[in-house]
Amino acid sequence: MPDSHDLSEAPRPAVAGVAKAGAGGPVSSKGAETSQPAVEFRNIDIAYGKFVAVRDFSLSIRKGSFVTLLGPSGCGKTTILRSIAGLVDISSGQIMIDGRRVDDIPIYKRNIGLVFQSYALFPHKTVFDNVAFGLKYRNVPKPEIARRVGQALDMVRLPGSEKKLPSQLSGGQQQRIALARAIVFEPQVLLLDEPLSALDANMREEMRVEIKKIQRETGITAIFVTHDQEEALSMSDRIVVMNAGSAEQIGAPQEVYDAPATAFVADFLGKANMLAGTVSRSEAPTSVMLAAGQTVNVISPRPLASGSKVTVVVRPQKLSVGAAGTSNRLSGRVVSTSYLGGSAIYEVDIGGSSSIRANAPINGQILREGESVDLGFDADDCVLLDDGGQRIS
Ligand SMILES: Nc1ncnc2c1ncn2[C@@H]1O[C@H](COP(=O)(O)OP(=O)(O)OP(=O)(O)O)[C@@H](O)[C@H]1O
Ligand SMILES: [Mg+2]
């Protein structure tokens, strides 16, 4: 699982347009020029009583980057976020912020911005007072508060909303206020726990772009939590795929999508066809006899003994209808068709009670249930897993 060990992020040039502290914008990218990680988890465990919710979790987060913890419900995402803010204690390991152990920093002195799924605004306070909260708490002088609140509201594109009450705003607007409140005091790290899940689909997409833009403009280090793979793929510099309290794979979106390290990652991050089979020819090109009875050629990074059990992982988007010009062909019968506009998802029975899903552009006629079809894919468009579910490398 090589990717799981690659826990550091390569330094990149500082984000363009970064605001200077107290000058151009409400948030500065403190120390973006150094290579010291903004946040570092070193082998942390977190337990609730006897239940270990997070196990041996390590991650190094580059300053100014956007990292997403992605995983199913209960895998420990919120627990990890809460540990940075000091809202839950770690049982072992270390958490460092800007090179300093957080255990040494009292909770009230941790300079962290938080945005939750529920906007958690004070309902009886105005937008101004909601956003100003963290600044008043830090004894910032009044004129400076007014200036910074104004800047933060500009940034979330709600200028002039100071006097409104949260109840006079839409869900998306309330979430923008929550974001303004979290960035206004120039936190070292911004933590976002499923901030978009209470919004409708359109608003969610708009806010995705908005949050990403603000993060880029301010150069703030952001840790985002979601169980929505599309959100993770579209917003992140790095994704941490979590499973049962541990990091299963850490990598750039395309890396974890195209080269999943495990069966869990392949399955969780986007739909994947997982075709079980047995190696029938060990020398290149490696052939795999699928349980469904058909044989495919794959590229194995190392020789595999004949008879080894493997799983061939191929994304629905990599399958073409017709198999012209591809090195592999699977023949089957359409079980169901879902029309999506420019493309369609076909569920195709390929025998041996296996079905395969193809997401293909519609060129001409859309395929109907019961039609015979050949699906094609190239040998280098699939990933091979061993019988323990680990990518063969
Ligand atoms: N205060 C608590 N006491 C006991 N167990 C807890 C507590 N908080 C969380 N847990 C357990 O720890 C595990 C991780 O919880 P956590 O909230 O971090 O998951 P999550 O990945 O954020 O899930 P979700 O996507 O549902 O928000 C779960 O099994 C949960 O039941
Ligand atoms: Mg959670």
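**View 1. Where helix 5 meets helix 6.** In this predicted model, Gly-171, Gly-172, Gln-175, Leu-179 and Ile-183 of helix 5 meet Met-203, Met-207, Ile-211, Ile-214 and Thr-218 of helix 6; two residues count as in contact if their C-beta atoms, placed from the backbone, lie within 7 Å. Sorted by class, this contact has six nonpolar residues, four polar and no charged. The classes go like this: Ala, Val, Leu, Ile, Met, Phe, Trp, Tyr, Cys and Pro are nonpolar, Asp, Glu, Lys and Arg are charged, and the others, Gly among them, are polar. Helix 5 and helix 6 (residues 201-218) pack at about 20°, with axes 11 Å apart. That angle makes helix 5 roughly parallel to helix 6. Axes here are lines fitted to C-alpha atoms, for helices over the stretch in contact, with angles running from 0 to 180 degrees between N-to-C directions. Angles under 35 degrees count as roughly parallel, over 145 as roughly antiparallel, 65 to 115 as roughly perpendicular, and the rest as oblique. The crossing of helix 5 and helix 6 is right-handed, a label used if the near helix is turned clockwise from the far one by less than a right angle, with left-handed for anticlockwise. Helices (H or I, at least four residues) and strands (E, at least two) are DSSP runs, numbered from the N terminus. Residues are numbered from 1 along each chain as its sequence is written, while chains are lettered from A and ligands numbered from 1 in the order in which they are written. Since you're looking at a predicted model, local features need pLDDT of at least 70 and side-chain atom pairs count only at pLDDT 80 or more, but totals for chains, interfaces and linings use all residues.

**View 2. Helix 3 against helix 5.** The axes of helix 3 and helix 5 (residues 171-183) come within 7 Å and cross at roughly 30°. That puts helix 3 roughly parallel to helix 5, and their crossing is right-handed. On the helix 3 side you'll find Val-127, Asn-130, Val-131, Phe-133 and Gly-134, meeting Ile-177, Ala-180 and Arg-181 of helix 5. The tally for this contact is five nonpolar, two polar and one charged.

**View 3. Helix 3 against helix 4.** Helix 3 (residues 127-137) and helix 4 (residues 142-155) pack at an angle of about 125°, with their axes 10 Å apart. This makes helix 3 oblique to helix 4. Again we have a right-handed crossing, as helix 3 passes helix 4. Helix 3 brings Phe-128, Val-131, Ala-132, Leu-135 and Lys-136 to the contact, and helix 4 brings Ile-145, Arg-148, Val-149, Ala-152 and Leu-153. Those residues split into eight nonpolar, no polar and two charged.

View 4. Strand 1 (residues 39-48) and strand 4 (residues 92-97) are antiparallel over five bridges, and Val-39 stands opposite Ile-97 in strand 4. Ile-97 also has Arg-100 as its bridge partner in strand 5. Strand 4 and strand 5 (residues 100-101) pair over two bridges, antiparallel too. Their hairpin has two residues between the strands, and Asp-98 there takes a positive phi near 45°.

View 5. Another open sheet with antiparallel pairing has five strands in the order 15-19-16-17-18. At its edges are strand 15 (320-321) and strand 18 (355-361), each with a single partner strand, so one side of each is left without a neighbour in the sheet. Strand 16 (residues 328-339) and strand 19 (residues 372-377) run antiparallel, joined by six bridges. Look for Ser-331 opposite Asp-374 in strand 19.

Note on methods:
Pairing = 2+ DSSP bridges.
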